[in-house]
Each structure stands twice: as C-alpha cells, then as structure tokens.
Amino acid sequence: MCGGSTVIALVFIDSHYYGKTVLAPLNIVLYNVFSSHGPNLYGVEDWIFYVKNLFLNWNLAVVLAPFAVPLAAFGYVRVRSSKQLSHRMPFDFSYAYWQRFLPVLFVFMSMCLWLVIFFSQPHKEERFLFPIYPLIALLAAVTLDAIPRVGTSLLGGGTRKVWHFCVGAYLVVFVVLSLSRSAALHRNFSAPIEVFKGLNEHLTVPANLDKQRYQAREVRWMS
C-alpha cells in the first residue's frame, strides 16, 4: 500500500512539472537499460573496470564474499545435524530445514543480481556499485565467522586456535589496506580543500597588511 501511494504521488508530481503523464524513475530505467544508446554517450568501460574498483575499495573482502554461501551452508548443516543438540534435524531440502539459512542466500543472490546487471552495461561508474557495499561487508563477515567452524569441523578441534589466528591476521591486513586506501584518497584528492583553505586565508587577511599586524589589530579590537 505504501509503495502504491508512493508511485501515485510520483506520477502526480512528475506529470505536473513535465506537462505530461510520466513516471521519472521508470524513464531512468528505460533510458539506461532498454534504449539503443543509453548512457553510452558518456563513455564505456570493460568489465575489468568494476573488478579493479571492488579490489581498491574492499580489497580482501571481495575475495571472501563469494564463499559466504558454501561455507555458511556447510557450517549450518553441521550444526543442525550435531549430536550435541537435543532438537537436531536430519539433513533434507525442506523449507523448514533451511529456513534460518535463507537470509544469507537472499543477500548473496541480491549482490549477484546487482553485479550481473551492472557488469553487463557498457557504461560503468564506481557509484553504481555503492548499493551493494553493505552486502559485500556482510557476506565477508559471514565467511569469516564460518571459516573457524568449518576448519575445526574438518580438521579437528586442535586447529581452532590456528583458524582464529588466520581470521585475526586477515582483519589486520584488511584494516591496514583500508586505511592505506583512505590515506591515499586524502593525499591525492585533497587539492580542492587546500585551494579553498588558501582562498579563505587570502580573503581574510588584507593584502596590504602582514599576518602578524592583522592579528595584533584583531586582538586590540577584541579587547
């Protein structure tokens, strides 16, 4: 009902300003996805463009995200079938058995669907991937949580500390790479901020006065 009300409001407002019956979000999809030229007027890129951007922004998390479903599914089955559980369930493909696992699967499928759609578009921009960034983080976290469980299950409880060390080492590397990326962005793209800082100083301090005399006069005025 809320969705229908929103669409009606959009049609009413868009039609009022465009002077004809129109739904602007639908026009965006029709132009960018189904038209013969679409956004290709603004340049096209190969699929590797998105791969590079994903690794630049998410580094090791991109490697972990695809393994969320298989590793989490393996751990899920092992836990559900554990003899230590009083209400353990035998493995099957019923909805009741997999109900609690479905959210992970749906998140993974949503990310894959988004990637398929935008990887297939000739015109590519980094901002088009922003909506799935939270999904990448979530799936990477699911994988990290599943790795010690799966490793311990396959190789025995004696390897638990090893797997936890691997997870900790991964997090350290991920944090270092992420901070390096942030530092690089600040260093290489902070020119506009520095220009405005210099412009502010230029406009604040009169050209015919040196900075010390100007500051001294400000102190006298304030006193």
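Biologist: Where is R78 placed?
Modeller: R78 sits in helix α5. Helices here are DSSP runs of H or I with at least four residues, strands are E runs of at least two, and both are numbered from the N terminus. A caution before we go on: this is a predicted model, where local features need pLDDT of at least 70 and side-chain atom pairs count only at pLDDT 80 or more, while totals for chains, interfaces and linings use all residues. Residues are numbered from 1 along each chain as its sequence is written, and side-chain values use heavy atoms, with hydrogens and water left out.
Biologist: What does the side chain of R78 make a polar contact with?
Modeller: The side chain of S153, at 2.6 Å. A polar contact is a pair of N or O atoms within 3.5 Å; within protein, one must be able to donate a hydrogen and the other to accept it, and residues adjacent in sequence count only if both atoms are side-chain atoms.
Biologist: And how far are the C-alpha atoms of R78 and S153 separated?
Modeller: By 8.0 Å, with the two residues 75 apart along the chain.
Biologist: Is R78 buried, partly exposed or exposed?
Modeller: R78 has 45% relative accessibility, so it counts as partly exposed. Buried means under 20% relative accessible area, exposed over 50%, and partly exposed in between, with a 1.4 Å probe and protein chains only.
Biologist: OK, zoom out. At what angle do α5 and α8 pack?
Modeller: About 45°, with the axes 8 Å apart. α5 covers residues 68–80 and α8 covers 133–155. That makes α5 oblique to α8. Angles under 35 degrees count as roughly parallel, over 145 as roughly antiparallel, 65 to 115 as roughly perpendicular and the rest as oblique. Axes are lines fitted to C-alpha atoms, for helices over the stretch in contact, and angles run from 0 to 180 degrees between N-to-C directions.
Biologist: Left-handed or right-handed crossing of α5 and α8?
Modeller: Left-handed. The near helix is then turned anticlockwise from the far one by less than a right angle; clockwise would be right-handed.
Biologist: Which residues meet there?
Modeller: From α5, A68, L71, A72, F74, G75 and R78; from α8, L139, V142, T143, A146, I147, V150, S153 and L154. Contact means heavy atoms within 4.5 Å. The α5 and α8 contact residues divide into 10 nonpolar, three polar and one charged. Ala, Val, Leu, Ile, Met, Phe, Trp, Tyr, Cys and Pro count as nonpolar, Asp, Glu, Lys and Arg as charged, and the others, Gly among them, as polar.
Biologist: What about α7 and α8, at what angle do they cross?
Modeller: Roughly 135°, and their axes come within 10 Å. So α7 is oblique to α8. The α7 and α8 crossing is left-handed. V104, V107, F108, S110 and M111 of α7 touch L135, I136, L138, L139 and V142 of α8. That contact has nine nonpolar residues, one polar and no charged.
Biologist: New topic. What does the side chain of S15 reach?
Modeller: The backbone nitrogen of V22, at 3.1 Å. S15 lies in α1, residues 2–18. It counts as buried because its relative accessibility is 17%.
Biologist: Where does N59 lie?
Modeller: In the loop between α3 (48–58) and α4 (60–64). N59 has phi near 35°, a positive value in a residue other than glycine. N59 is buried, with a relative accessible area of 8%.
Biologist: Last one: how many helices and strands in the protein?
Modeller: There are 11 helices and zero strands. Buried residues make up 26% of the 223 residues.
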